[in-house]
Amino acid sequence: MTIEVKAGERKRILHRLSNAMQATYRFAAEPAGGGEHSGSVEVEGSRWIFRKPAVIQALQSDNSVEKGMWDSRYSVYVIPDSDVTITMKNSGYPKLWLYILIAVVIVGAASSIFVISLN
């Protein structure tokens, strides 16, 4: 997925709601006319139970932002100094298999306890 962002524009490139899974999101920024690129990336995490201020980092060629467990509303904005093209990379939930495995083990244990209690 690619997103065009004009110079000085504050554009949301990522938005996630209500999941308690940690994730790393990666994206690339390329200047539209070539040359140097500069600007900032603004990361807004949780605004609910554990409020935290927005984190601002420099816009680079390759960018990485972290979503924590408590980030119930999570948004990433890009504010470039010149026109850029943002390209989202494969990212997200690299440990999703771990969450699924834990859920299967819990369901299996609960089922075993239920069957044993019937005897």
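Which side chain meets Glu44 in a salt bridge? I looked this up before anything else. The side chains of Arg10 and Glu44 form a salt bridge, N to O at 3.0 Å. I count a salt bridge when a side-chain nitrogen of Lys or Arg is within 4 Å of a carboxyl oxygen of Asp or Glu. Glu44 lies in strand β4 and Arg10 in the loop between β1 and β2, so this pair ties together parts that are 34 residues apart in sequence. Helices (H or I, at least four residues) and strands (E, at least two) are DSSP runs, numbered from the N terminus.

**Ground rules.** I am working on a predicted model, where local features need pLDDT of at least 70, side-chain atom pairs count only at pLDDT 80 or more, and totals for chains, interfaces and linings use all residues. Residues are numbered from 1 along each chain as its sequence is written, and side-chain values use heavy atoms, with hydrogens and water left out.

**Salt bridges.** I searched the whole structure and found 3 salt bridges. Arg10 also meets Glu42, at 2.9 Å from N to O. Arg10 sits in the loop between β1 (2–5) and β2 (11–17), and Glu42 in strand β4 (residues 39–44), so the pair links parts that are 32 residues apart in sequence.

I then checked Lys89. Lys89 forms a salt bridge with Asp62, with the closest N and O atoms 2.5 Å apart. Lys89 lies in the loop between β8 (84–88) and α1 (96–118), and Asp62 in strand β6 (residues 62–67), so this pair ties together parts that are 27 residues apart in sequence. Which residues do shared partners join into one network? They are Arg10, Glu42 and Glu44.

**Accessibility.** Are the partners buried or exposed? I use under 20% relative accessible area for buried, over 50% for exposed, and partly exposed in between (1.4 Å probe, protein chains only). Glu42 is buried at 15%. Glu44 is buried at 14%. Arg10 is partly exposed at 43%. Lys89 is partly exposed at 37%.

**The open sheet.** I traced an open sheet of 4 strands in the order β1-β8-β3-β6, with antiparallel pairing. β1 and β6 stand at the edges with a single partner strand each, so one side of each has no neighbour in the sheet. Neighbouring strands here are turned by 25 degrees against each other on average, direction ignored. For such angles, axes are lines fitted to C-alpha atoms (for helices over the stretch in contact), and angles run from 0 to 180 degrees between N-to-C directions. Two strands pair if DSSP finds at least two bridges between them. β1 and β8 run antiparallel and are joined by 4 bridges. Glu4 has Thr85 in β8 as its bridge partner.

**Around β7.** How many residues of strand β7 are buried? In β7 (residues 73–80), 7 of its 8 residues are buried, so I note the strand as mostly covered. β2 pairs with β7 in the antiparallel sense over 6 bridges. Leu14 stands opposite Val76 in β7. β4 also runs antiparallel to β7, joined by 6 bridges. Glu44 turns up again here, opposite Ser75 in β7.

**Thr24.** I ended with Thr24, found in strand β3 (residues 23–31). Thr24 counts as buried at 13% relative accessibility. The Thr24 side chain makes a polar contact with the side chain of Glu66, at 2.8 Å. A polar contact is a pair of N or O atoms within 3.5 Å; within protein, one must be able to donate a hydrogen and the other to accept it, and residues adjacent in sequence count only if both atoms are side-chain atoms.
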